[in-house]
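Subject: Handover of a structure, with findings

Dear colleague,

Please find below the structure that I am handing over to you. My notes on what was found in it follow directly after it.

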Amino acid sequence: MKKVWEVIVKELREGLPSALLFLFLFHMISATKAVSLGDYSIDVLRATTATISALLVAKSILVVEVLPVSKLFSNRGLINILWKTALFGIVVFVFRFVEELIHSLREYDSFGTAVMAMTQGISWPVFWIETFWIIGGLLLYALIMELTNALGPDKAMKLLLSGSE
């Protein structure tokens with residue numbers, strides 16, 4: 001039982017920072033999208049979608065972090081940050097594509113028709129604004145994690161909270 005508890009604590013420690021960041025980010029994207037479309041109502045579905053999306057992104061980040069390809073540029077600072085941002089972005093794009101595809105597949109019989117309808121029915125300006133928000137969040141996350149790894153978690157927390165080493 002102790003081993004199970006240690007695994008749970010480890011998963012929470014690794015996943016909580018990205019989950020919180022992306023929970024905030026996806027709710028901000030959701031609010032921005034609603035306001036830009038003139039929808040000022042409070043929608044449970046919108047909040048649920050933002051929360052589930054944030055948790056999926058957080059889990060996908062954990063998956064990418066354990067892949068050997070994510071450590072390809074681990075000693076290169078800025079290049080590593082950009083590399084991980086690109087990897088995280090690809091995974092998030094795949095998740096977003098599959099999420100939209102599932103909605104389209106409910107309405108259409110074939111895969112091809114569903115993809116065609118999905119690409120024609122999407123609001124491209126909204127899609128690109130959301131994508132820029134997500135990439136910015138991924139870049140911020142990769143930067144924070146790289147700094148935390150370089151300084152160590154205790155030193156990074158002390159620097160963040162007190163402003164000095």
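In which helix does S53 lie? S53 lies in helix α2; helices (H or I, at least four residues) and strands (E, at least two) are DSSP runs, numbered from the N terminus. I return to this residue below.

Please note that this is a predicted model, in which local features need pLDDT of at least 70 and side-chain atom pairs count only at pLDDT 80 or more, while totals for chains, interfaces and linings use all residues. Residues are numbered from 1 along each chain as its sequence is written, and side-chain values use heavy atoms, with hydrogens and water left out.

Overall architecture

The protein has six helices and zero strands, and its pattern along the sequence reads α-α-α-α-α-α. The C-alpha trace spans about 55 × 40 × 35 Å along its principal axes. Of the 165 residues in the protein, 26% are buried (buried means under 20% relative accessible area, exposed over 50%, and partly exposed in between, with a 1.4 Å probe and protein chains only). Contact means heavy atoms within 4.5 Å. Among contacts between residues at least 6 apart in sequence, 64% join residues at least 24 apart.

The nonpolar core

A nonpolar core is a set of buried Ala, Val, Leu, Ile, Met, Phe, Trp, Tyr and Cys residues joined through side-chain atoms within 4.5 Å. The largest one here has 17 residues, of which F22, F26, V57, I61, F88, I134 and L138 touch the most other members. At least two residues of this core come from each of α1 (2–36), α2 (44–66), α3 (78–107) and α5 (124–151). The helix that gives the most is α2, with five residues. Not counting residues up to four places away in sequence, V57 touches F22, F26, V92 and L138.

The α1 and α2 pair

The axes of α1 and α2 come within 7 Å and cross at roughly 140°; axes are lines fitted to C-alpha atoms, for helices over the stretch in contact, and angles run from 0 to 180 degrees between N-to-C directions. The two helices, α1 and α2, are therefore oblique to each other (angles under 35 degrees count as roughly parallel, over 145 as roughly antiparallel, 65 to 115 as roughly perpendicular and the rest as oblique). Their crossing is right-handed; a crossing is left-handed if the near helix is turned anticlockwise from the far one by less than a right angle, and right-handed if clockwise. By class, the contact of α1 with α2 has 13 nonpolar, six polar and four charged residues (Ala, Val, Leu, Ile, Met, Phe, Trp, Tyr, Cys and Pro count as nonpolar, Asp, Glu, Lys and Arg as charged, and the others, Gly among them, as polar).

Several residues of this pair deserve a separate note. S30 lies in helix α1 and counts as buried, at 13% relative accessibility. Leaving aside neighbours within four places in sequence, S30 is in contact with R46 and A50. A50, in helix α2, is buried as well, at 5% relative accessibility. With neighbours within four places again left aside, A50 is in contact with F26, H27 and S30. A50 and F26 are 24 residues apart in sequence and 5.1 Å apart in space, C-alpha to C-alpha. S53 counts as buried at 12% relative accessibility, and beyond its neighbours within four places in sequence it is in contact with F26 and E99.

The α3 and α4 pair

The axes of α3 and helix α4 (residues 111–121) come within 9 Å and cross at roughly 110°. That makes α3 roughly perpendicular to α4. The contact is made by F97, E100, L101, S104 and L105 of α3 together with F111, A114, V115 and M118 of α4. By class, this contact of α3 with α4 has seven nonpolar, one polar and one charged residues. The crossing of α3 and α4 is right-handed.

L140 lies in helix α5 and is partly exposed, with a relative accessible area of 40%. D154 is in helix α6 (residues 153–162) and is exposed, with a relative accessible area of 67%. The C-alpha atoms of D154 and S30, 124 residues apart along the chain, are separated by 34 Å.

Yours sincerely
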